[in-house]
Every structure is written in C-alpha cells, then in structure tokens.
Amino acid sequence: MARGDGRLSHDLLPGEKGPQDACGVFGVWAPGEEVAKLTYYGIYALQHRGQESAGIATSDGHSILVYKDMGLVSQVFDERSLASLRGHLAVGHARYSTTGGSTWENAQPTLGGHAESTVAMAHNGNLTNSAELRELMAERAADGYANSGSEVLRGNTTDTALVTALLADDPDRSLEAAALELLPKLKGAFCFVFMDENTLYAARDPQGFRPLVLGRLERGWVVASETAALDIVGASLVREVEPGELIAIDEDGLRSQHFATAKPSGCVFEYVYLARPDTTINGRGVHESRVEMGRILAREHPVEADMVMPTPESGTPAAIGYAQESGIPYGQGLVKNSYVGRTFIAPSQTIRQLGIRLKLNPLREVIKGKRLVVVDDTIVRGNTQRAVVRMLREAGAAEVHLRISAPPVKWPCFFGIDFPTRAELIANGAAVEEIATAIGADSLGYISEEGMVAATHQPKESLCTACFSGSYPVELPDESRLGKNLFETLPIDVDGVTLGVGGGAQDALLRP
C-alpha cells in the first residue's frame with residue numbers, strides 16, 4: 001500500500017493484498033486562510049489511510065464546490081485546481097473503499113441538498129446497517145421527500161451517499177437537526193466531517209472505532225482523523241472528538257452535543273498498523289506503543305540470535321523494542337526501494353517471478369551466517385513473509401526466527417478495515433507451528449492479545465479486538481446485508497419511487 005510520502009505501509013509482493021486501511025478525513029473552518037491548501041496538506045498527511053481517490057469541498061458562504069478524482073492526493077490536485085476551491089471552510093477525504101467499489105462515482109466528499117442548502121460529507125469507517133438506511137431512504141421518498149436520491153441517483157453505491165441523502169432530503173429541517181435525528185440510527189463505525197454553506201460539523205460513532213481529533217488554528221478550527229494531520233497544518237491538539245458527539249463550528253464558535261451514550265471500543269489495529277507512528281491516540285503515542293509491543297514480544301518469545309531486524313517499514317518500531325528488551329543487536333538486513341509504491345506499469349513475467357525483490361533486497365554481508373530475528377506487525381496470507389524468509393536464506397542467513405507484534409488475524413472486520421476473506425487468512429484453522437512450516441521460518445512467535453493491549457495503555461474493555469478474538473462490540477446483521485459491494489447491483493428505483501437530487505447540488509460537482 002503506497003503512502004503519500006512514497007513509503008510503503010506494508011511491503012507486499014506485486015499483486016499481494018494486505019489489510020487495507022480505513023479512510024482519512026479532514027475539515028477546517030478558518031476565515032482568511034487558504035482552506036483548500038490546508039485541506040490538501042491535511043489529507044496528504046492522511047494518505048496512508050487511503051490511496052484510491054481524493055477530494056476536497058469548499059464553501060464561500062454562498063455555494064459549495066467539490067473537486068475529486070481517482071488517485072493519490074498529489075495526483076488529483078495541483079495549484080490550479082486548489083486555486084478554484086475558494087472559501088472559509090472545507091472538508092477533505094482520502095479514500096480506501098470499504099462499502100462501494102473503487103470508482104469515480106464513489107469518491108468523496110459526497111454531495112447532496114436542495115434549493116435551500118447543500119451538504120458535502122467525508123466519512124471514515126463502515127456502517128453495518130446500510131441496507132436498513134437504503135430502505136429508510138426509499139420510505140422517505142415515498143412520503144414525499146422527493147430530493148432523497150442525491151449522488152445515489154448518479155451511481156454512488158457507498159454508505160456515505162446514503163447518509164448524505166438522508167441528511168439533505170428535507171428543506172424545512174436544518175442540517176444540524178437532521179444530523180441529531182439520523183446519527184442515533186446509524187450502526188457500525190463512522191467518523192463524519194461534513195458541512196453546509198456556513199458550518200463545519202464532525203461526528204463520531206458511540207464506540208469511537210476510528211480516531212477523530214479536534215485542533216485549534218490561530219484563526220480557526222480543524223478536525224482530522226489523526227493528530228499528525230494537525231501537526232502538518234500548524235494546528236494545536238485540543239482533544240479527541242468524543243464517541244457519540246456531534247460538533248458544530250461556525251461564526252458563533254464551537255458547540256457540542258451528544259447524540260448517543262459513549263461505549264468506547266476503539267480499534268486496537270490503529271495502534272498496531274493503521275495510524276501513522278507520529279500520531280497520538282487517546283493520549284498514547286502510536287510509535288511508543290509499537291516499540292512496547294516489541295519489548296513484550298521479546299519477553300513472550302525469546303530466542304538466541306545474532307541480530308534483530310525489521311521488515312521495513314512496518315516492523316521497525318517493534319524490532320527496536322525487541323532488540324532493546326532482548327539485548328540482541330538491532331540491524332538493517334533489507335534495503336527498500338522507497339519509490340516503489342502504486343505502480344501503473346505491470347511487472348514483466350521475469351520481474352514478477354522475482355516477487356518482493358521489486359521492493360526489498362537483502363544486505364548479504366550483514367545477513368550471511370547470522371541467526372536472525374525478523375520482526376513484522378502482521379501476517380495476513382503469509383505470501384510476503386514466505387518470500388522474505390526465502391530471500392534471507394538465499395542471502396546466507398543461518399536461521400530465521402519470525403516475530404509478529406500482533407496476534408494471529410483470524411476474523412473479518414466490519415468497521416472499516418478490508419481484510420482478505422476469512423478463508424484466505426493463514427492463521428484461520430492453522431496452528432502456529434504449521435504456519436511457521438508453511439512460511440519456512442525456524443520459529444514463529446505472535447504477541448499475545450493481552451500483551452498487545454497492555455502496550456496501548458488503554459483499558460481492554462475500551463478497545464475492539466474483533467479481528468483477533470472474533471468478539472464484536474456491536475451486534476451484526478445477517479451476512480446477506482453486509483459486504484463491500486452490497487449496493488453495486490441494486491436498482492435506483494425502489495418500489496416505484498425514483499430517488500433524485502434537487503436544487504443546484506447536482507451542478508456543484510467538478511470532475512477533472
């Protein structure tokens with residue numbers, strides 16, 4: 001997965017799919033500032049959370065303009081496009097698709113509205129009652145709310161488009177009132193950053209699955225998925241947006257209301273893998289959490305070895321911790337090509353057979369004759385680790401001991417991370433010794449769930465560990481009402497009701 005800074009968040013074989021990130025959202029209310037450029041840099045800092053599409057919406061107090069396209073933030077925007085996005089408030093989005101396919105129609109921010117008002121919305125997370133919301137939208141259309149279609153009518157198949165349509169279908173109801181009525185009906189994971197012509201809003205689900213923070217500028221406010229995005233635009237951290245909270249920011253200042261009782265269950269995978277290492281979540285630095293996972297891993301799975309090395313870059317903090325705790329020297333055994341990321345040129349058959357060497361190459365003089373501890377954050381299918389172990393042995397490694405700073409991933413996530421299917425997860429139904437044999441390692445050790453949780457400094461009851469434990473913090477609907485492509489084939493005409501978009505909203509979208 002390519003990050004916005006050219007690094008890889010996981011070094012995978014060409015065509016290999018790892019756990020895909022959640023999305024990144026950013027919002028700013030700052031009269032007198034270049035809000036489009038602030039938003040550009042904000043979502044650039046969040047590029048690791050989604051690399052499929054990017055978009056920005058701005059308002060000058062009279063109208064909203066949205067500019068979005070497929071690709072990385074730096075590919076979608078240039079000086080000219082940013083100059084066209086004028087105003088005093090903005091929302092931005094970097095997308096990885098969790099509901100709805102990776103198409104231009106599904107890029108965000110989504111747009112909806114009527115003659116009186118327009119709404120633009122960016123969403124990080126994944127709703128589990130989208131089918132229910134689709135039915136609600138049809139019911140409201142049948143009751144005379146004829147503007148209910150919004151982007152759904154133009155082929156958008158995301159849960160975000162459904163929420164946008166439901167927020168913007170009644171011209172007699174303010175956006176804030178609509179949000180307070182709708183948000184309690186939503187289930188699953190959501191961090192929404194949305195706006196009308198004058199007000200910036202942010203809302204977080206009662207479990208707080210995904211991170212969302214509030215920051216202060218000298219002349220305004222910022223909300224973002226991670227504190228690292230606040231840093232890049234020069235905003236100071238004020239606090240986390242609380243689970244179950246709706247924040248509104250306009251010329252009268254900031255106001256807050258709670259639409260649901262908080263039941264904290266933050267995603268532990270943010271600490272393990274998803275968030276940037278320079279981010280802080282709930283008062284705990286992500287980098288230090290990962291280093292501590294390495295220390296605990298060394299205590300739980302010691303081994304005699306000559307060198308501790310990471311699978312760069314994802315395993316680096318935990319490898320540092322493992323070396324510190326074990327007393328085994330830390331070293332770099334693999335060199336990474338920093339410019340290999342999202343390539344649009346398919347490798348030739350010869351290059352493809354070389355596999356991971358496109359991204360990683362061994363330092364033979366460092367590896368030869370050594371007993372190695374290789375630290376990584378997760379094993380998904382195991383193909384990448386198998387290739388790494390084989391490469392290290394070919395470079396002369398005497399022994400290869402694999403250590404993983406997360407427990408075995410055995411269960412799917414329905415709250416914004418797109419793992420491969422359960423059948424594809426190597427840890428599903430296989431013992432640790434069997435996995436070690438399949439990968440070709442001399443030994444394999446996973447951190448315990450208790451050790452991982454302890455490293456976050458968060459109470460266990462306030463974390464979601466479902467992908468490791470299979471224990472989901474919210475009730476899930478029937479499997480037939482879940483899935484990334486749930487609405488890809490559903491007709492727009494539901495029970496004879498045509499869902500449409502009104503006012504000037506449909507003309508406010510700018511496609512490059």
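Reader: Over the ring of which residue does the charged end of arginine 422 sit?

Author: In this predicted model, the charged end of arginine 422 lies 3.8 Å from the centre of a ring. A charge counts as sitting over a ring only within 6 Å of the ring centre and within 35 degrees of the ring normal. The ring in question belongs to tryptophan 411.

Reader: How far is the charged end of arginine 216 from the centre of the ring of tryptophan 221?

Author: Arginine 216 also has its charged end over a ring, that of tryptophan 221. The distance to the centre of that ring is 4.1 Å.

Reader: How many aromatic pairs does a search of the whole structure find, and what is the arrangement of tyrosine 40 and tyrosine 41?

Author: The search finds 12 aromatic pairs. One of them joins tyrosine 40 and tyrosine 41, with 5.1 Å between the centres and 85° between the planes. Planes over 60 degrees apart count as edge-to-face, so the arrangement of tyrosine 40 and tyrosine 41 is edge-to-face.

Reader: Is tyrosine 40 buried or exposed?

Author: The relative accessibility of tyrosine 40 is 13%. Buried means under 20%, and therefore tyrosine 40 counts as buried.

Reader: Which residues do ring pairs link into a cluster?

Author: Tyrosine 40 and tyrosine 41 form a pair, and both belong to the cluster.

Reader: How many of the residues of helix α1 are buried?

Author: Helix α1 covers residues 35-45 and is mostly covered. Among its buried residues are Val35, Leu38, Tyr40 and Ile43. Of the 11 residues in α1, the number buried is eight.

Reader: In which helix do phenylalanine 269 and tyrosine 273 lie?

Author: Phenylalanine 269 and tyrosine 273 are both buried. They stand four residues apart, about one turn of the helix. The helix that holds both is α8, residues 269-274.

Reader: Why does buried aspartate 170 have no salt bridge with arginine 173?

Author: Aspartate 170 lies in the loop between α5 and α6, and the nearest side chain of opposite charge is that of arginine 173. A salt bridge requires a side-chain nitrogen of Lys or Arg within 4 Å of a carboxyl oxygen. Aspartate 170 therefore has no salt bridge, as the distance to arginine 173 is 4.3 Å.

Reader: Which backbone nitrogen does the side chain of aspartate 170 reach?

Author: Beyond its neighbours within four places in sequence, aspartate 170 is in contact with His114, Arg140 and Tyr145. Its side chain also reaches a backbone nitrogen at 2.9 Å, that of aspartate 172.

Note on methods. Residues numbered from 1 in each chain as written. Predicted model: local features only at pLDDT ≥ 70, side-chain atom pairs only at ≥ 80, totals over all residues. Heavy atoms only, no water. Phe/Tyr/Trp six-rings, centres within 6.5 Å; stacked < 30°, edge-to-face > 60°. Buried < 20%, exposed > 50% of the residue type's maximum accessible area, 1.4 Å probe, protein only. Helix = DSSP H or I, 4+ residues; strand = E, 2+ residues; numbered from the N terminus. Lys, Arg positive; Asp, Glu negative; His and termini not counted. Polar contact = N/O pair within 3.5 Å; in protein donor to acceptor, adjacent residues only side chain to side chain. Contact = heavy atoms within 4.5 Å.
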